[in-house]
Every structure is written in C-alpha cells, then in structure tokens.
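Hi,

Here is the structure I promised to pass on. Have a look at it first, and my notes follow below.

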Amino acid sequence: MRTIEEINNKIRKGDAVVLTAEEMIKLAESSGIEVAAKEVDVVTSGTFGAMCSSGAFLNFGHTDPPIKMSRCWLNDVPVYKGLAAVDGYLGATALSETRGFEYGGGHVIEDLVSGEGVELRAESYGTDCYPRRHVETVITIHDLNYAMLVNPRNCYQKYDAATNSTDRVLYTYMGTLLPNYGNVTFSGAGQLNPLCKDPYYETLGVGSRIFLGGAVGYIIGEGTQHNPNSGFGTLMVKGDLRKMSKKYLRGASFYRYGVTLYVGIGVPIPIINERVARTAALRDDEIFVNIRDYGVPSRPDLRPIVKKASYAELRSGKVVIGDKEVPSSPLSSYKVAREIAEDLKRMILEGTFLLTRPVEPLPKSGEVKPLVIRRREPIVEDVMRKNVITAKPDEDIKSVAKRLVDRGIDHLPVVDNENRVVGIVTSWDLARAIANDKHRLDEIMTRHVIVASKHETIDVVARRMAKHNISGVPVVDEANRVIGILTTDDLSRAIIGDRKHES
C-alpha cells in the first residue's frame, strides 16, 4: 500500500495524514477499514505507566586526583558500579538506603530530568592511577558527560490485571489489593497501547524511532521476557535523558511494595497495508487480559485466572466477578497516554519527527522460562507434625489446658465434626481464660485462623507467621480439614537440620 520512505516524503511535504489511535478507531467505524487504510499514513499510540525495568547509564566525569568508584550513591540510592571508573547504571527500583520505599532510582531520574541538584557520593579502594578514595558533591544532569535512559523491558503488549481472594490486604506491584475480591487493578492503555496497534510486529523493529520520555528515542531490541506469541511482547528502548521531560518520567512509590519509574512512550504505526490498519483500529472491547488472583503466592503465570476482561470493562470502573460488582482502577494514566499520542502526531505533522525503517525485525515468538531450582526446597509437608491434637468448640477449657500440659504443646486447632478448622487456641489463651473464669473454648478461641497448605515452601509460611506475629499455623487440605501443624520450633529444627546436613 505504501512504504515508510513514501510516508516520510509526505511528512516532509506536509501532506501526511496522521491520526491518533482513537481517531483511527472512529474513522474505521464511520467509513470502514478499507477507506481508513487508504487515507491514513500514520497512527500514533501512547502509554504512560509504571515500568520497573528502566534505568539510566551515567558518566560522572573524572575528579582530580581521579577516583575509581567502587561504590556510588545518588541521593542515597545505590548506583550499579560493576563498570568503568566513573560509569554507573541507576536502576528505577533501587531503594534509598535512608528513605526506603519513599524514594528510589525512579525519583532520582525524575529529579535529574527536572534539573535539580542530586547528591553524589562515591567510595574507592584506591589505586596508583586512581588514588582518591572518597568523593562527595552535588551534581545536576548538565554536569554529566552522558545520561542515557536504557530500559531493558518497557511497553508490555498487554498486562494481566490483579485481584485478591484472601481475607487480608495485599501490597503488590499491582497496587494495594483489597481482601475478598475487594478490587481489581490493571495496567496499560488498551486501545492506545503501542504494541496492541501492531501485534504482529510488521512495522516495528530494531532502530524504530519512537517518542520516549518527551524526546526522541529508539527501539533497540525486544525487551526481556519478550513473548509475543502469548500476547506479551515487550520492547527494549533508549533515549537521551538530557532531552526528556519530567512530565513523562515520574518516580513513584507503591505503598509497602517498592519504587518504580513511570515512563511515557509513543510509537508511530505506519499504515503499510490493510492488515496493519485493522490492528491499528482495535478498540478496548476487542483487547482482553486475564484477571489473576494475587492471593496465591505463585509465579505470575501460575496464579489462578479469575476471569478474562476487556479493557472496555476494566476502564468502566467495575468488573463483575461471580455475582459481585468489583471496583476496577488503572495503574496507568490514560489521560497522559492520550497526550503522548497527540504530541507525537503534532511532531510528525510539523515535520520534526520522521519514521525509520527497522534494521532488524523483532522476534515474533519467544519463550519465558522459569528459574530452575535444582536444590530441593523444603516444603511444609516435610516439616509439619502430622499427629495433631485438636479440640471441639464446646470443650471445657480446663480439660483442654491439661491436654496441652500433658502433651507439651502450645497450639491447639479447634475443629468441627468434619475436622475442619474453626478456631485456634494457644497455651497463653488458656492461661488467660482460666484467670478470667471462662469455661468453653468457643468463648476464647481465635476464629480468624491463619493456615498453611502442605505444598507451600516453608519460607513463604515463615514470612506469613512473622507478618501476623504468630508462632504456629494449622496445615489444612483443600476442604480446610486439619492435616498437620507447623510452629516456629518446627521451622527452627528444620533450619538447624539443613545446616548440619550442609556441614
């Protein structure tokens, strides 16, 4: 239909027809895809969201006497220093050593782009050619010899949404997830999302010029975890940080999870044929993602799928799960994504942004392999005690207390007639109950019981016990029947046993 060179000639002459993805959708709906394909030269897309796999290569320049920086910090955020003397890589998710989750690499990048002063501190072991051992100063982005944003994985083609089936609040990279399917969060710009506009990678590749952080950037390869055959393509991108804008690069903190960088990316889609025109006109109601249950502590691709939902449903503000309407909210900004598509359209129409032909296509298939754990990790089943002493809710407290003393145990699950856990008591609960003249277990037992399953790794369960400040959990099967018990004493014995085995 048309080549990139022909489109660039039209851009230079001011004759190119450029539409945003939203405008392309409207044209295709009103006039048909054949007419849209013939009339439109370029469709602009945009996205603005948290992209953790981001960062910047920096060159600080030499001091006199010089220093070979072996450790380095910017505003107390560690910079990766496995490079030459004054080169470093600042990762977006690196945490401040003094401010924790409040501030990190993404915030430093935003401060640099804003022109603010940033405190540089570095240490060295000292050499004959690099005798200085310490340096501390304040720099701005204008002092740097080199500041290149190089993001290993950005711009996911689509991203699974998240919900939470458990009875507790979860703090994740998908934001705060409320208990009992209390909310759904999602990421991505749907019908504006760049890789949704060319999902078969007919126009994008290594060397494609893009809008990155408010300036010109480039696709330099497929992103890490690129998996386009499953709809999870990604991009590796680069661009000159010194030319970017804080409007499109923002540091962010996810409450009780960590820090990241919000990155604005716009990709021009040249309409080289009708097939590309058709995908460039895809609507929110034609783009689906899975909603996964983050309450299950498994690999992202193994978390249970609660349902599929379109971006139209997600962006409506509510999603139906079962018979319940659940609020849904975006982690990305559709408003800024729209502004990026508009900015990119303007740049093309003004002739300041030409398209580039890729020097190499991006892979159209990929595989994301899990990390292989070759050493067997202990699981709950290996450590739990299977001979569990239980009690019924209507039992007398004094007789149960005597049972704990006789057996030398501190935790006692309370079960119903089907052996399903309905509560738990500890020796401390019983001592206090006797002092307060209580009589039956159901008067004092803890009804909100934290449990474990036999297939969970013990480090996951240990973290759960620490979080809830408890020293033991019943182990239950799929029907919530008690099949074992695990305490901090059991965990200690397991760890000591492992160390003896290693020695």
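Is E456 buried or exposed? E456 counts as buried, at 13% relative accessibility, where buried means under 20% relative accessible area, exposed over 50% and partly exposed in between (1.4 Å probe, protein chains only). Before going on: this is a predicted model, so local features need pLDDT of at least 70 and side-chain atom pairs count only at pLDDT 80 or more, while totals for chains, interfaces and linings use all residues. Residues are numbered from 1 along each chain as its sequence is written, and side-chain values use heavy atoms, with hydrogens and water left out.

Back to E456: its side chain meets that of R464 in a salt bridge, 2.4 Å from N to O (a side-chain nitrogen of Lys or Arg within 4 Å of a carboxyl oxygen of Asp or Glu). R464 counts as buried too, at 14%.

The whole structure has 32 salt bridges. K402 and D406 form one of them, at 3.0 Å. Both lie in helix 10 (residues 397–407), four residues apart, or about one turn of the helix; helices (H or I, at least four residues) and strands (E, at least two) are DSSP runs, numbered from the N terminus. K402 is exposed at 55%, and D406 is exposed at 52%. There is also a salt-bridge network that links E29, R283, D285 and E286.

Four strands make an open, antiparallel sheet in the order 6-5-10-11, where two strands pair if DSSP finds at least two bridges between them. Strand 6 (77–79) and strand 11 (134–139) are at the edges with a single partner strand each, so one side of each has no neighbour in the sheet. The twist averages 25 degrees from one strand to the next. Strand 10 (residues 118–123) pairs with strand 11 over six bridges, and E123 stands opposite H134 in strand 11. Helix 4 (residues 105–113) packs on the sheet and touches strand 5 (71–74), strand 6 and strand 10, a contact being heavy atoms within 4.5 Å.

Cheers

Technical notes: Axes fitted to C-alpha atoms, helices over the stretch in contact; angles between N-to-C directions.
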